[in-house]
Amino acid sequence: MRNWAIAAISLSGFMAMGAGKADDMLTRPIAPESAKRWLAPQPPVRLHGRTYLIGFGGLNVALIRTSAGLILIDGAVPQAVGDIEAKMRKLGFSVRQVKLILSTEPHFDHAGGIAALARDSGASVVASGPAAAVLRQGGGDPDDPQAAWLERFPAVTKLRVARDGEVIKLGDTAITAHATPGHTLGSMSWSWKSCEGKDCRTIVFAASLNPIAVEGWRFANPGHRRFVDAFRGSFARVKAMRCDMLIASHPLDGDAGRVARLMKARTPNPFIDPGACRRYAERAEAALGKKLAE
Ligand SMILES: [Zn+2]
């Protein structure tokens, strides 16, 4: 009797911890103050075909349903994982159906939640070679232009490296990896074909192209040439990409309004914009030009 009581108490303690994630290392909040604006609430929405947005006002997370399970792109910050999984349930999915998690860059705001999402789903994580090396150690790349202010995040295991141009297949869905380095040397963008009835489009989930660095770190410094060269190559690639719909890793101005419109009416789909990738690259190119001129 007494043993049963003890077992019941420890079991309820364990369950309380699980339910509240009170002591879950992998979902412990990172930079909660700055994360608040990234985590502006956004309802889950079907973007096009079998592609859904399940992220936030300031951080995109995409979900793609294939014939062999789900693909997730990016994982936001660790404290957002509970919400991301709740959005999956709201759409009728379970995190256990996620088979692959694709990563755009190894910074805590996009990759902080990946370790928890990979644990909860059992999924493999796919990233570029340079990004995989940083994800494996939970950040801390000393060469990163933002190194001094970047937070560490839960290390990602079970990684699979994707080469530039590689096609990642799951069931009936094929996603192409596009190396778009600059913001980080491992940044990777992803594209796939989506059909909604007869309307087929190419969707691009673009990594950040923001040329941002800590104070005193100059892109014009000859020692940082590889970042500038990487950016220039990425701008050219993104401009030339087949791209009917753009999901940027941080939502673009106007995306909140587009989500609201899409929830009211599916046609015309406000995210269909074949010039979006070009403008996205042009804006980043102008920002880098300004940095170099300073
Ligand atoms: Zn970043």
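Q: What should I know about the numbering and the model before reading values?
A: Residues are numbered from 1 along each chain as its sequence is written, and side-chain values use heavy atoms, with hydrogens and water left out. The model is predicted, and local features need pLDDT of at least 70, side-chain atom pairs count only at pLDDT 80 or more, and totals for chains, interfaces and linings use all residues.

Q: In what order do the strands form the open sheet?
A: Strands of a sheet pair through backbone hydrogen bonds, either parallel or antiparallel. Two strands pair if DSSP finds at least two bridges between them; strands (E, at least two residues) and helices (H or I, at least four residues) are DSSP runs, numbered from the N terminus. Here 7 strands form an open sheet in the order E1-E2-E3-E4-E5-E6-E7, with mixed pairing. Strand E1 (45-48) and strand E7 (159-161) are the edge strands, each pairing on one side only.

Q: How many bridges join strand E2 to strand E3?
A: Strand E2 (residues 51-53) and strand E3 (residues 62-66) run antiparallel and are joined by 3 bridges. Tyr52 stands opposite Leu63 in E3.

Q: Which strands does helix H5 touch?
A: Contact means heavy atoms within 4.5 Å. Angles run from 0 to 180 degrees between N-to-C directions, with axes as lines fitted to C-alpha atoms, for helices over the stretch in contact. Helix H5 (residues 114-121) packs on the sheet and touches strand E4 (69-73), strand E5 (98-102) and strand E6 (124-127). The direction of H5 makes about 165 degrees with that of E5.

Q: What volume does the largest pocket have?
A: Rolling a probe the size of a water molecule over the atoms shows where empty space is left. On a 1 Å grid over the protein atoms alone, where a 1.4 Å probe fits, a pocket is an open set with protein on both sides within 12 Å along at least five of seven lines, and lining residues have an atom within 4 Å of a point. A volume is the space filled by probe spheres set on the points. The largest pocket has a volume of about 840 Å³. Of its 38 lining residues, the closest to the centre are Ser208, Asn210, His250, Pro251 and Tyr280.

Q: Which helix gives the most to the lining of the largest pocket?
A: H9 gives the most, with 6 residues.
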